[in-house]
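Have a look at the structure first, then work through the points below.

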Amino acid sequence: MKFSVFISRKAICAELTATTKEGVITELVQSLVSAGDIKDADKADIIKAIMKREELGSTGIGRGVAVPHTKHASVEKLIGTVGVSPAGLDFESLDGQVASLFFLLVSPPDRPGDHLRALENISRQLRDDMFCRLLRQSKTIEDISQLLEEADGNSFGS
Amino acid sequence: MRPADKLVRAAAGFQCQIELERAGQIADCRSILSLLTLGATQGSELVLRAQGPDADEAIRVIRLMFDQQFDEVNVEQST
């Protein structure tokens with residue numbers, strides 16, 4: 001599933017400022033609210049659900065990448081955003097490294113397949129060192145947006 | 001994603017090379033990024049392969065994990 005299908009362009013965060021796990025999740029969810037992808041009234045519940053999922057095992061999958069996610073009945077289709085933390089932060093990642101690249105996903109409870117297809121795409125692109133490096137270097141929403149478009153066009157990964 | 005996490009942790013305990021294959025695509029069981037790229041959903045057909053000194057034991061343990069559905073039966077299916 002291509003990034004353009006589920007990444008909300010307006011919600012992309014080029015310079016995350018949060019320094020904690022809950023902080024960065026809050027910042028990313030807030031950007032989805034600001035972009036109009038989720039309602040302000042659902043924000044607190046979505047953050048809580050994502051944190052609950054993290055308690056079962058960190059979604060920090062290593063290589064500086066984390067994929068916090070949850071299912072939530074308030075969304076009608078899979079929606080996600082991308083954030084880059086220039087400083088990186090402790091996300092209790094599997095490899096113990098700080099996380100600096102974040103892909104946050106909220107999916108409808110009845111569409112688990114979409115969620116997996118999005119994860120499949122994210123992981124495939126992230127295996128490409130060049131994609132990771134360029135994403136970390138991105139300074140603006142436009143940089144990230146363009147990089148995702150190029151990735152959708154199969155410029156990176158297999 | 002939790003089943004993938006559990007697989008990686010289990011595979012790390014063996015010396016042998018462990019691979020999972022889905023529709024011709026092969027993933028290294030020690031890498032969660034690699035496993036997630038399989039895009040395997042519930043019901044996907046996978047081939048498990050292991051090569052090395054403790055391969056038999058690895059196959060036995062990992063097959064058991066699949067048989068027990070990663071202890072997620074009755075738990076909300078969340079990746």
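Let's start with helix 2 of chain A, residues 21-34: its 14 residues reach 20 Å from first C-alpha to last, close to the 20 Å expected at 1.5 Å a residue. That expected span is 1.5 Å times one less than the number of residues, and helices here are DSSP runs (H or I, at least four residues) numbered from the N terminus. This is a predicted model, where local features need pLDDT of at least 70, side-chain atom pairs count only at 80 or more, and totals for chains, interfaces and linings use all residues. Residues are numbered from 1 along each chain as written, chains are lettered from A in the order written, and side-chain values use heavy atoms, without hydrogens or water.

**Around helix 2**
- Its buried residues (under 20% relative accessible area, 1.4 Å probe, protein chains only) include A:V24, A:I25, A:L28 and A:L32.
- Helix 3 (40-55), strand 4 (79-89) and strand 5 (99-107) of chain A are among the parts that cover them.
- At the helix start, a side-chain oxygen of A:T20 comes within 3.0 Å of the backbone nitrogen of A:G23.
- After the helix comes A:G36, with a positive phi near 85°.

**Where chains A and B meet**
- 17 residues of chain A contact 16 of chain B (heavy atoms within 4.5 Å).
- About 1,600 Å² is buried between them, with carbon and sulfur atoms giving 67%; that's the accessible area (1.4 Å probe) lost on being put together, summed over both.
- A:I61, A:L116 and A:R127 supply 31% of what chain A buries there, more than any other three residues.

Terms used: Helix = DSSP H or I, 4+ residues; strand = E, 2+ residues; numbered from the N terminus. Buried < 20%, exposed > 50% of the residue type's maximum accessible area, 1.4 Å probe, protein only. Polar contact = N/O pair within 3.5 Å; in protein donor to acceptor, adjacent residues only side chain to side chain. Buried area = accessible area lost by both parts, 1.4 Å probe.
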